[in-house]
Amino acid sequence: MCERAPLDRERPVIATHNRLGQRGLDGQHGQRRPDDPAQSLADGDLARMLLAVELAMTTTRGSWDEVTDALLAAKKRPLDRSARADLFYGAPALTFVLDTTGAQYRARWAHELAALDQILVELTAERFEAVNDRIEAGAPTHGSEFDLMTGLTGLGMVLLRRAVHQPARGTALDEAVSGALSGVLSYLVDRSKDRILSEVLLPGWWSASAPQPTTPVGDKQPNGYADFGMARGGAGILAFLAASYRAGYAVPGQAEAIRHITGWYTRWRQETPDKVTWWPQQLSLDELRTGRVHQPGPSEPTWAHGTPGIGRALQMAGIALGDERGRVVAEDAVASCLTQRELNRLTEPDLYVGTGGMYLTVLRAAEDAEAFMALHRRGHSLETSRLGVAADAVSRTSRVLPDPDDTEFLWGRFGTRLVFESLRTRAAPVSGADGVLGIGWAE
């Protein structure tokens, strides 16, 4: 049973200590700059580079020269390694993109990757310092501290890929990357532990801040909330802990943390009269106190906060721990929302809350489900059987691609083109570009 801690009695995290000096890729440690779209993976030039990598690996239409030109252009800009830097922006985003290029290309750019690794270690240590400052000040946790999009889960995803892909040299930098990853895992294991607020038991990833500014005023919870989605909630944490565990990177208590987070999803699993499995997008203090969900029905079947993203995280947890029953239950949940009625609720083609993210997530789940079926019995998984319906949803929402100035990945042209490539091949991205969504393994 995981520890139950009051919100105001958190333990400090152990920061990773960087002994590698203070100079990074551009030689200016800690430079603060206004947000630079060129450094954004969500909606900037790094999105173009990520797509270029996938095309260079899979089609004759791609070119490694384009990838090289994009990287050289990125090197000319001072990289943002401030508090704003995260999985989708600045140095960590560039690290992720460059890591997707494959073993041969990573070897070619080993010097640049080493510099980026150093920055990533420094950024992680700075995040830990900020967490300790918050704890010492008695301030509550905000979701941006730990989530996939902007928090330590996202940084951990990049660190995991780097730990898996770095040559076994045993250098101080290799040890620093592994140490930073262990620090993030330990923090998230602690984040999985239940908290208590006003005598109510809360999930460890409880956020005291209100939801995003775009959330309708009536939906904001004055006492905080627990987000259950992949992008900003517990599912993202669960997927990362599972991916790390399967890759052989684990800290004490990690398996129990995976089981405990899974237990929260088991407890709050909902089902419609026509057998569609769903989870509340967010839980308020009142819902946790009464045990009753206010949300009237399932959210749209999206990657960011719907059943596909949550179900994929639960499937990854089942695979990582060898829990066959848990993985099958998770796979059935994903399949349950792949109906014409549910998918017709999606009206946009984007990755975040559109058919694109849904399709890539379902495709990853289907590939793992199919591998499991091949080992145990003949036939096809429900996900695979319904991939055609998911693909049709992408075609229905697709429009003429935006103008060339559109550089968006999560909401625009480059993410849509990545989905088109997966539709063409009926396979997940070869580069692992969709790993930025937290739905893939670190391999």
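The legends below walk through several close-up views of this predicted model.

The model is predicted, so local features are described at pLDDT of at least 70 and side-chain atom pairs at pLDDT 80 or more, while totals for chains, interfaces and linings use all residues. Residues are numbered from 1 along each chain as its sequence is written, and side-chain values use heavy atoms, leaving out hydrogens and water.

**View 1. The whole chain, for orientation.**
The protein chain has 17 helices and seven strands; these are DSSP runs (helices: H or I, at least four residues; strands: E, at least two), numbered from the N terminus. Of its 443 residues, 59% count as buried. Buried here means under 20% relative accessible area, exposed means over 50%, and partly exposed lies in between (1.4 Å probe, protein chains only). The protein chain exposes about 18,000 Å², of which carbon and sulfur atoms supply 51%; areas come from the Shrake-Rupley method with a 1.4 Å probe, and for residues only the protein chains shown count as cover. Take the contacts between residues at least 6 apart in sequence: 71% of them join residues at least 24 apart, a contact being heavy atoms within 4.5 Å.

**View 2. Helix α3 and its surroundings.**
Nine of the nine residues of helix α3 (residues 91-99) are buried, so this helix is largely enclosed by the rest of the structure. Among them are P92, F96 and D99. The packing partners of these buried residues are α1 (45-58), α2 (64-75), α4 (103-108), α5 and α6.

**View 3. R127, a buried charge in helix α5.**
R127 lies in helix α5. This arginine is buried yet has no salt bridge, and D86, the nearest side chain of opposite charge, is 5.1 Å away. For the charges, Lys and Arg count as positive and Asp and Glu as negative, with His and the chain ends not counted. A salt bridge needs a side-chain nitrogen of Lys or Arg within 4 Å of a carboxyl oxygen of Asp or Glu. Leaving aside residues up to four places away in sequence, R127 touches A83, A85, D86, S144, T150, G151, L152 and L155.

**View 4. A negative patch on the surface.**
E126, E129, D133 and E136 gather here in a surface patch of negative charge. Patches are made of residues with over 30% relative accessible area and no salt bridge; like charges are joined within 9 Å, and nonpolar side chains (Val, Leu, Ile, Met, Phe, Trp, Tyr) within 5 Å. Each charge is placed at NZ of Lys, CZ of Arg, CG of Asp or CD of Glu. E126 is found in helix α5 (residues 110-137) and, at 30% relative accessibility, counts as partly exposed.

**View 5. The E145–R191 pair.**
The structure holds 20 salt bridges, and one of them joins the side chains of E145 and R191 (4.0 Å, N to O). E145 lies in the loop between α5 and α6 (152-165) and R191 in helix α7 (residues 172-191), so the pair ties together parts that are 46 residues apart in sequence. Both E145 and R191 are buried.

**View 6. R246 and E443.**
R246 forms a salt bridge with E443, with 3.3 Å between the closest N and O atoms. The pair links distant parts of the chain, 197 residues apart: R246 is in helix α8 (residues 234-246) and E443 in the segment after α17 (413-425). R246 is partly exposed at 42% relative accessibility, whereas E443 is exposed at 65%.
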